[in-house]
Amino acid sequence: MNKKFLEEKGALITGGATGFGRGVAFEYAKRGADLVLVDIKEKELEETAKEIKNKYNNKVIPIICDVSKSDQVDSMAKQALEELDNIYILYNNAGIAPHYGLNLFRTGEDEYDLIMNTNLKGQWLVAKALGKKISRQKSEPIAGKIICCASVVGVTPNSALPIYGISKAGVILLAKILAQDLAPKVTVNSNSPGFHVTPIFNNDPDILKKMLREGYVKTPMNRLGTVEDVVKLMIFLASPASNFITGHNFMIDGRIADVGIPATFLKSKI
Ligand SMILES: NC(=O)c1ccc[n+]([C@@H]2O[C@H](COP(=O)([O-])OP(=O)(O)OC[C@H]3O[C@@H](n4cnc5c(N)ncnc54)[C@H](O)[C@@H]3O)[C@@H](O)[C@H]2O)c1
């Protein structure tokens, strides 16, 4: 495969300041993409954009935007379409995680609204603002690719992360519906990471290990996930190698989808 398969292509990454979004941004830039990075964390967003620009000399435009607000999303989309020649990749990735352990009955309405509005409504708003425009782009055979970030707990119920899980289950279905609506010009898939060390967990492996211990969760692959694990899948989903794949959810979880199995069941150390 051409190492620069994203040359002359644009990629818009929400939640691009840190974590998966930042990691993916570097790798897409390395493969030739110009970038729009969207986030609410102004300082981190500026830093990430600057670092990528200095390293690869691509166009990298940071845009401050709260993806849960339709007016902000609409003006972000307008600016992004003006800045980039095309938006070939949309990585719908911005998201928040609540405190682990707050069950469904203890979750307040404000917490529910915040999680659902950021994680699910946010992806819907961004896809709504850009999806049809992406599908009308001229590149062949595919006009663009949308990748939505879901989660293992959107597939396997985890009552310690109830509303977060519901929001991510919604994301998986959102991607499948978008895949139907935008075929045959745009592929749309989602990915479901497991438990990865990123700023969403303060970059602290101990927080993740505690969560796994308390939930009696074992990881058959016997380690925590990394940003790089997700980045590798995201390169595949952005590449021509995945042009015939649409409407699917990709687990990238070390088989942790077995959430809830007793700790003694598997011989792993974490
Ligand atoms: N780290 C994991 O183990 C894990 C597992 C499954 C899914 N995820 C998902 O991965 C995605 C990326 O998370 P991450 O782990 O890289 O953590 P992260 O906190 O580094 O990245 C999330 C980014 O989204 C941004 N964001 C939050 N609310 C926003 C809003 N309203 N508008 C715009 N940007 C906003 C944050 O500022 C942050 O930069 C999220 O959707 C998260 O739910 C993470």
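1. Where is alanine 160 found? Alanine 160 sits in the loop between strand S5 (144–149) and helix H5 (162–182); helices (H or I, at least four residues) and strands (E, at least two) are DSSP runs, numbered from the N terminus.

2. This is a predicted model, in which local features need pLDDT of at least 70 and side-chain atom pairs count only at pLDDT 80 or more, while totals for chains, interfaces and linings use all residues. Residues are numbered from 1 along each chain as its sequence is written.

3. Alanine 160 counts as buried because it has 20 C-beta neighbours inside 10 Å. (Buried is 20 or more other C-beta atoms within 10 Å of a residue's own, exposed is 12 or fewer, and partly exposed is in between; C-beta atoms are placed from the backbone.) Leaving aside neighbours within four places in sequence, alanine 160 is in contact with Tyr100, Gly101, Asn103 and Gly215, contact being C-beta atoms, placed from the backbone, within 7 Å.

4. Helix H2 (residues 42–56) has 15 residues. Leu45, Thr48, Ala49 and Ile52 of H2 are buried. Seen down the axis of H2, the buried residues fall within an arc of 95°, so they line one face of the helix; the arc is that of the directions from the helix axis to the C-beta atoms. An α-helix has 3.6 residues a turn, so residues three or four places apart point the same way.

5. On the other side of H2, Lys43, Lys50 and Asn54 are exposed. The cover over the buried residues of H2 includes H1, strand S2 (34–39) and strand S3 (60–64). Just after H2, asparagine 57 takes a positive phi of about 60°.

Definitions and conventions
Two residues are in contact if their C-beta atoms, placed from the backbone, lie within 7 Å. The expected span of a helix is 1.5 Å times one less than its number of residues.
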